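User: I am new to this structure and would like to understand how its terms are applied. Please take me through it with care.

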Amino acid sequence: MNKSDMEYYRQILLKEKDKVSNLIEEIEDDTVAEDGFKNSSIKDSTGELSGYDNHPADMGTEVFMREMDLKLKNGEAMRLYNINKALEKMDLGLYGKCEECSADIDSERLDIIPETLLCSSCSKEHKKEFETVEEDTFSKSEYFYSELVEGLESTNRYEGLDLDYDEL
């Protein structure tokens, strides 16, 4: 990669770094309370004096929105990490080289994802590995049903009642 290409990608990465940093700050700054504490409590984020007067669905919506903000923030934090790593690689003269196989990353890929650290083939391989791990994790029945659950089945039955639920 020549110097003009390197400078072109550096400028793109620096602009993206500013955008992502500002977005993370906006997500973190959900201050409603006058005392200035960030992310203090649902009570503060809703502006309500008490959570008791709200319908449970309203509180569920608020919890969902806070979780969504957290996931967005984590995703953008990972992107910021990759941008910083790409800038470091640029300073070392390694930008545009795949971290796995050391092959040159296509300029088309860098144009779309300038912070990428992997070439397209290594990225596809990582995606396959992740999908395999995900399938293995979620296909095993012991994660969803265990002997612990079997032992709890009688806790909802009344003492002295011998009801056979299969007969109902």
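Analyst: Let us start with a pocket. The second largest pocket is lined by 13 residues, and those nearest its centre are Met1, Tyr95, Gly96, Asp104 and Ile105. This is a predicted model, in which local features need pLDDT of at least 70 and side-chain atom pairs count only at pLDDT 80 or more, while totals for chains, interfaces and linings use all residues. Residues are numbered from 1 along each chain as its sequence is written, and side-chain values use heavy atoms, with hydrogens and water left out.

User: What makes a set of points a pocket, and what makes a residue part of the lining?

Analyst: On a 1 Å grid over the protein atoms alone, a pocket is an open set of points with protein on both sides within 12 Å along at least five of seven lines, and a lining residue has an atom within 4 Å of a point. The second largest pocket has a volume of about 160 Å³, a volume being the space filled by probe spheres set on the points. Helix H1 (3-28) and helix H4 (107-112) each supply at least two residues of its lining, and H1 gives the most, with three.

User: Which residues line the largest pocket?

Analyst: The largest pocket holds about 260 Å³ of space, and its lining consists of Asn82, Arg109, Ile113, Glu115, Thr116, Leu117, Leu118, Ser123 and His126. By class, that lining has three nonpolar, four polar and two charged residues.

User: Why is Ser21 called partly exposed?

Analyst: Ser21 has a relative accessible area of 22%, and partly exposed covers what lies between buried (under 20%) and exposed (over 50%), with a 1.4 Å probe and protein chains only; therefore Ser21 counts as partly exposed. Ser21 is placed in helix H1, and its C-alpha atom is separated by 9.8 Å from that of Arg79, 58 residues apart along the chain.

User: Why does Ser102 count as exposed?

Analyst: The relative accessibility of Ser102 is 51%, so by the cut-off of over 50% it counts as exposed. Ser102 is found in the loop between H3 and H4, and although it is not a glycine, it has a positive phi of about 65°. Most residues other than glycine have a negative phi.

User: How do you know that Met68 is partly exposed?

Analyst: Met68, in helix H3 (residues 56-91), has a relative accessible area of 33%, which lies between the two cut-offs, so Met68 is partly exposed.

Definitions and conventions: Helices (H or I, at least four residues) and strands (E, at least two) are DSSP runs, numbered from the N terminus. On a 1 Å grid over the protein atoms alone, a cavity is a set of points where a 1.4 Å probe fits but cannot get out, and a pocket is an open set with protein on both sides within 12 Å along at least five of seven lines; lining residues have an atom within 4 Å of a point. Ala, Val, Leu, Ile, Met, Phe, Trp, Tyr, Cys and Pro count as nonpolar, Asp, Glu, Lys and Arg as charged, and the others, Gly among them, as polar.
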